[in-house]
Amino acid sequence: MNPNPVKITTTIANWKMHKTVVEATNYITSLGLSTQNLRTRVGVAVPFTAIRAAAEAARGTNILIGSQNVSGYHEGAYTGEVSCAMVKDAGASFCLIGHSERRRLFHEDNATVNMKVRLALEQNLRPVVCIGETIEERKGDKTQKVLEVQLMEGLNSLSAEEASSLILAYEPVWAIGNGHAATPQDAQDAQHECRKILAKLWGNEVACLIPILYGGSVKPQNAEELIKESDVDGFLVGGASLEVETFVKILHCHKG
Ligand code: PGA
């Protein structure tokens, strides 16, 4: 297998529950001035309320705007939910699905992830599907099994064509938000495992087309080493994406 032969990476900021409309506009405007001649695709997953303003600020740049979640329902009596069509209409081109905070704090399971992925694909919203094991699962030697179940169930019944527009983010739960990223070897091993599972589902060609991002305490100091790994096709960055200067430093870490 030869993952990512062209070496174009994908780096996505995940602001989580941060930034007002004005803060989002200022950030995207300033990011837009720093994203020429990059060898990475750049995405920013913003709160629902900032999608439209962020998308307007990103016009004419190569920054893609996404949401951090979407509803698993098409439309109807689901108070508080935001549909794929609404997110798309506001200017998003991708959405995070199944982030570990959604799974842990809001009880999203793989079946919910699957509903959301299928709706997003229907609406031409590119799904960035997040998976990863907890520390207990890792210590119990269950990482491989957990990743396999998350992928098999979360991506159940997608065609090869649909699968080729996915982005995957491997985010070990034990590495998120605490400053302790996985080692490059641990990230590589898990992401290689994910690639093998994708290949089992849709064949090598599709498996190599799907970017597999690493997430969990990525910062400028560790990005350079992590990106050297062959199955690390980019990053999903939380805390270190909140300051535009820090995020830009990560964008400059590229393969080769
Ligand atoms: P972190 O978050 O970079 O702050 O660890 C990553 C994520 O949760 O997507």
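**Ligand site and surroundings**

Mentor: The side chain of N14 has an N or O atom 3.3 Å from an oxygen atom of the ligand. That is a polar contact, meaning a pair of N or O atoms within 3.5 Å; within protein, one must be able to donate a hydrogen and the other to accept it, and residues adjacent in sequence count only if both atoms are side-chain atoms.

Trainee: How much of the ligand's accessible area does the protein cover?

Mentor: On its own the ligand has 280 Å² of accessible area, and the protein covers 95% of that. The areas come from the Shrake-Rupley method with a 1.4 Å probe; for residues, only the protein chains shown count as cover.

Trainee: Before we go on, what sort of model is this?

Mentor: This is a predicted model, where local features need pLDDT of at least 70 and side-chain atom pairs count only at pLDDT 80 or more, while totals for chains, interfaces and linings use all residues. Residues are numbered from 1 along each chain as its sequence is written, and side-chain values use heavy atoms, with hydrogens and water left out.

Trainee: Back to the ligand. What does the backbone of S217 do there?

Mentor: A polar backbone atom of S217 is 2.7 Å from an oxygen atom of the ligand. For G239, a backbone N or O atom lies 2.8 Å from a ligand oxygen.

Trainee: And which residues come nearest?

Mentor: K16, H99, E171, G177 and S217, out of the 13 residues around the ligand. Near means that a heavy atom of the residue lies within 4 Å.

Trainee: OK, Q68. Where is it, and is it buried or exposed?

Mentor: Q68 sits in the loop between strand 3 (63-67) and helix 3 (84-90). Helices (H or I, at least four residues) and strands (E, at least two) are DSSP runs, numbered from the N terminus. Q68 counts as buried because its relative accessibility is 19%; buried means under 20% relative accessible area, exposed over 50%, partly exposed in between (1.4 Å probe, protein chains only).

Trainee: What does its side chain reach?

Mentor: The side chain of Q68 reaches the backbone oxygen of K16 at 2.9 Å. A polar atom of that side chain also lies 3.2 Å from the backbone oxygen of A45.

Trainee: Last one: where does V218 lie?

Mentor: V218 is in the loop between strand 7 (212-215) and helix 11 (220-226). With 4% relative accessibility, V218 counts as buried. V218 and H180 are 38 residues apart in sequence, and their C-alpha atoms are 8.6 Å apart in space.
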